[in-house]
Amino acid sequence: MAVNNKKNFKVTIDGKDIDLSVVRPNVKQRQEGQKVYNKAFRDAVESGAILRAKVNSVMREQNLWDDNKEAQYKKLLEKINSGERKIKSGGIKLSEAKEIAMQMRKDRAELRSLTSERSGLDSNTAEGQADNARFNYLVSACVVYKNTTNKYFKNYEDYLNRGSELASIVAAQKLASIMYGLDSDFEKKLPENKFLIKYKLVNENLEYVDDKGRLVDEEGRLVDSNGRFINEEGKFVDRDGYRDWE
C-alpha cells in the first residue's frame, strides 16, 4: 500500500480561500516532537498524573471497572467478531445478515460506552498528556501553504492559541490520517456498515432507509430527520402509527 506523505485541504477565512497541505513529519520534526513529549511527561508526573500502567488498578479502586464489566467487555468483543465472521462467510439469508449487522452496530455502541471512562482516564495519564502535546507540536510544524514550505502556524504556541479554528481542526484530522491511518470515513468501513451500505439498507450518513430511500428506524417505521415518527403523508404519529391526539 502506498505511503501517504501529504494531504491537501482548503479553508475559507474572512471570505478568502486558503490552500494548505499537511505533510508527514520529517526526522528533525519527530526529534523536536519527542522533546515536547518528554517535557510534557515530566510536567504531568510532577503534577500528580498517573502512569498508563496503573489505569486498570485506579479504575477498580474507584469502582469504575470490575469483573462484571470485564466479562461484559469480552462478551461484546466476541459478539462483534462472531457477527463479522458470519457476514463475511456468507451463505445466510439477507434478512438474517441484516439482523446480524444491526446487532453489531448496537454491540459496538455499547462497547464504546463501556470503555468511554477508560479512554477518558487514559488520555489524562502522563503518557496520554505527553502524546497529546507531541501531536499538537507536530501539527503546528507540519501545516504549510500548498506547494510551498512556508508554515501556516508561526510556532507551537500559535497553534495552541488557534486550536479552535477550522484550519487547526482539519489539519489535526489530516495529520492523524497520515500518521496513524485514521480515516474520516472509518465508520463506513466497519464490516457491518459496509454490508448495510452495499445492500442499500442505510444511506451515506449511515441512517436506516427503506427500499424507497426514506428514513426509517431499526424496525422500518418512517421517521423524519429528527427521528420523529411520521406516516406516509409526512405527518407526526406515535410509535404505533396513530394520530390519536387529533
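1. At 41% relative accessibility, tyrosine 199 counts as partly exposed, because the buried class ends under 20% and the exposed class begins over 50%. Phenylalanine 195, at 10% relative accessibility, falls in the buried class. These values come from a predicted model.

2. Aromatic pairs number eight in this model. In one of them, the ring centres of phenylalanine 153 and tyrosine 159 are 5.1 Å apart with the planes at 80 degrees, so this pair is edge-to-face. Phenylalanine 195 and tyrosine 199 make a tilted pair, with 4.9 Å centre to centre and 50 degrees between the planes.

3. Phenylalanine 153 and tyrosine 159 are both buried. They also belong to one aromatic cluster, together with Tyr145 and Tyr152.

4. Two arginines lie over ring faces. Arginine 105 sits over the face of tyrosine 208, 4.8 Å from the ring centre. Arginine 118 sits over the face of tryptophan 65, 4.5 Å from the ring centre.

5. Helix H7 covers residues 166-180, which is 15 residues. After H7 comes glycine 181, with a positive phi near 75 degrees.

6. Which residues of H7 are buried? They are Ala167, Ser168, Val170, Ala171, Ala172, Leu175, Ala176, Ser177, Ile178 and Met179. Among the elements that cover them are strands E1 (6-13), E2 (16-23) and E3 (143-145). Helices H1 (27-46), H5 (126-142) and H6 (156-161) are also part of that cover.

Notes: Residues are numbered from 1 along each chain as its sequence is written. This is a predicted model: local features need pLDDT of at least 70, side-chain atom pairs count only at pLDDT 80 or more; totals for chains, interfaces and linings use all residues. Side-chain values use heavy atoms; hydrogens and water are left out. Rings of Phe, Tyr and Trp (its six-membered ring) pair if their centres lie within 6.5 Å; planes under 30 degrees apart count as stacked, over 60 as edge-to-face and the rest as tilted. Buried means under 20% relative accessible area, exposed over 50%, partly exposed in between (1.4 Å probe, protein chains only). A charge sits over a ring if NZ of Lys or CZ of Arg is within 6 Å of the ring centre and within 35 degrees of the ring normal. Helices (H or I, at least four residues) and strands (E, at least two) are DSSP runs, numbered from the N terminus. The expected span of a helix is 1.5 Å times one less than its number of residues. Contact means heavy atoms within 4.5 Å.
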